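Here are my notes for you, written point by point. Keep the viewer open while you read, and look up each residue as it comes along.

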Amino acid sequence: MIPSILIAGVGNIFLGDDAFGVEVVRALAARRLPERVTAVDYGIRGFDLAYALLDPWDAVVIVDALPRGGAPGTLYTIEPDLDGLREAPPAETMINPHGMDPMRVLQLALSMGTVHARVMVVGCEPKDFGDELEGRMGLSDIAQSSIEGAVEMVGNVVRQILAASSMCSV
């Protein structure tokens, strides 16, 4: 059976590079995705994503700006430790209505039920979120130039998941 995979783009389009996940999902939406692969722009709708994580997906790939201290434009693929998040002391589960932290969303989902999916995060080291009061529309040049690389990373993750499922079903 072909696994069901959700690609979830997250970010605030009014905060510069924070919109990276949204822009990657927009680029993916212009392409033909494999059967049972769904790309959704969740923007800043953390509660919607938390509930979607409880659906029976086989895998979820969250795409976001991911500040980890690297050079702006650096792309990362990480697999969060869901057991560690489940066992961690509850983070402030208050979700900012103007932004979304995927780890908090995962903790919220885990507090509401069981996340059965394998969860991966594809992210880009941001350069600029804009002015604290005004924000900024549009990605920085370096984040914009990283979109195609992120689309390829997401494609690689999806291909790995599909390949693993075909090996298991043989």
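**Notes on the chain and its salt bridges**

1. Let's start with one arginine: Arg118 counts as partly exposed, at 36% relative accessibility. The cut-offs go like this: buried is under 20% relative accessible area, exposed is over 50%, and partly exposed is in between (1.4 Å probe, protein chains only). Its partner is Glu79, and the two side chains meet in a salt bridge (3.1 Å, N to O). That term stands for a side-chain nitrogen of Lys or Arg within 4 Å of a carboxyl oxygen of Asp or Glu. The pair links distant parts of the chain, 39 residues apart: Arg118 is in strand β5, and Glu79 is in the loop between β4 (75-78) and α3 (82-87). Glu79 is partly exposed too, at 45%.

2. Before going on, a word on what you're looking at. This is a predicted model, where local features need pLDDT of at least 70 and side-chain atom pairs count only at pLDDT 80 or more, while totals for chains, interfaces and linings use all residues. Residues are numbered from 1 along each chain as its sequence is written, and side-chain values use heavy atoms, with hydrogens and water left out.

3. Now the overall layout. The chain has six helices and five strands, in the order β-α-β-α-β-β-α-α-β-α-α from the N terminus. Helices (H or I, at least four residues) and strands (E, at least two) are DSSP runs, numbered from the N terminus.

4. How much of the chain is buried? Of its 170 residues, 45% count as buried. Take the contacts (heavy atoms within 4.5 Å) with a separation of 6 or more: residues 24 or more positions apart account for 81% of them.

5. Back to the salt bridges, which number seven by this rule. One of them joins the side chains of Asp17 and Arg136 (3.8 Å, N to O). Asp17 sits in the loop between β1 (5-10) and α1 (20-29), and Arg136 in the loop between β5 (118-124) and α5 (141-145), 119 residues apart. Asp17 is buried, with a relative accessible area of 1%, whereas Arg136 is partly exposed at 23%. Salt bridges that share partners join Asp17, Asp128 and Arg136 into one network.

6. Arg26 is exposed, with a relative accessible area of 51%.
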